[in-house]
Amino acid sequence: MTHARLSSLMARGAEFLGCETAILCGAMSWVSERNLVSAISNAGGFGVIACGAMTPELLDAEIAATKTLTDRPFGVNLITMHPQLFDLIDVCARHDVGHVVLAGGLPPKGSIEAIKAKGAKLICFAPALALAKKLARSGVDALVVEGMEAGGHIGPVSTSVLAQEILPEMAEQLPVFVAGGIGRGEAIAAYLEMGAAGVQLGTRFACATESIAHPAFKKAFFRASARDAIASVQIDPRLPVIPVRALKNAGTESFTAKQREVANLLDSGTIEMMEAQLQIEHYWAGALRRAVIDGDVEGGSLMAGQSVGMVTKEEPVAAIIAQLLDEAAQALERRAA
């Protein structure tokens, strides 16, 4: 009986996603691949493949491989600035992917129609109320409200403020999932009671038993506290670099040098702004791979949210989800008493 209230609050999000539990896994490049994605979906949550800088051929293989590991729904996260975005959308359509998440900015012209043409549901990130309303008018099916506490690319506003701003205005119109800094079930319960359809967590799953992340990468997470996950600094106002939250290391300094290099190329007219942004994205993809796959925890990028201090050991995905649900259900029960 303890979980009855929780199930009721999660019902809308779970129905939208087609899963038992309205918990999405945030798309983490190199981490959110077939093994982790299938494990999350098999445990009743909703796994999301991180396409990142993949080619259409690589994404095609990754979706096919994930299908061999789970018969439950999962989604695919695509980056709006990917030069082959529409080819990637076609790959998702060929595989009948039910949910596509667009990240990295407003959907380019024609992308919403292309995604929904095959019946897929579209989820987008809303970093402000005005953008949430615009996305809803554009035909987006659900929103993710992600605060600056999250790992990877972040916005400037905290999760709690965004939730207070957006949920009262948007939660009745379409499902809204809250993300950023969530590490325990008590926080999940609070956002559900505020009107969220569900939540998204990344950092909490990064070191799961099923995650292919290098043991050294996981060990860095286990040692870290919330204050170790810092946001990158933008050194040139002309270069619209989206801040990235990661554990501080030598790679953090390397990114500063990379920004200077790209800014100099812009100065000389060698590259256009779009190419400059792509170079930055490719830098992060490479730095993250070095940390996640190769275990280079000094020179690579240890992208992590501020909830990293709550990640203390390697656990199976099913155990993580069960613990989160128990904590959320108990919190709801205490409030009802």
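## Exercises on a predicted model

F255, Y283 and W284 make up one aromatic cluster. This is a predicted model, in which local features need pLDDT of at least 70, side-chain atom pairs count only at pLDDT 80 or more, and totals for chains, interfaces and linings use all residues. Residues are numbered from 1 along each chain as its sequence is written, and side-chain values use heavy atoms, with hydrogens and water left out.

**Exercise 1.** Classify the ring pair F255 and W284.

*Solution.*
- Start with the rule: rings of Phe, Tyr and Trp (its six-membered ring) pair if their centres lie within 6.5 Å; planes under 30 degrees apart are stacked, over 60 edge-to-face, the rest tilted.
- The rule gives five aromatic pairs.
- For F255 and W284 the centres are 4.5 Å apart and the planes stand at 40°, so the pair is tilted.
- Now place the residues. F255 sits in helix 11 (residues 250-268) and W284 in helix 12 (residues 273-292), 29 residues apart, so the pair links distant parts of the chain. Helices (H or I, at least four residues) and strands (E, at least two) are DSSP runs, numbered from the N terminus.
- Check burial: buried means under 20% relative accessible area, exposed over 50%, partly exposed in between (1.4 Å probe, protein chains only). F255 is buried at 1%. W284 is buried too, at 6%.

**Exercise 2.** Find how the buried residues of helix 7 are arranged around its axis.

*Solution.*
- Helix 7 (residues 159-170) has 12 residues. Its first and last C-alpha lie 15 Å apart, close to the 16 Å expected; the expected span is 1.5 Å times one less than the number of residues.
- List its buried residues: T159, L162, A163, I166, L167 and M170.
- Viewed down the axis, they fall within an arc of 105°, so they line one face of helix 7. The arc is taken over directions from the helix axis to the C-beta atoms.
- An α-helix has 3.6 residues a turn, so residues three or four places apart point the same way.
- Q164 and P168 are exposed on the other side of helix 7.
- The cover over the buried residues includes helix 6 (129-138), strand 6 (142-146), strand 8 (176-179) and helix 8 (185-193).

**Exercise 3.** Describe how domain 1 and domain 2 are placed.

*Solution.*
- Take the bounds: domain 1 (4-213 + 311-336) and domain 2 (225-294). They come from an automatic or database domain assignment.
- Their centres, over C-alpha atoms, are 24 Å apart.
- Their contact (heavy atoms within 4.5 Å) takes 15 residues from domain 1 and 15 residues from domain 2.
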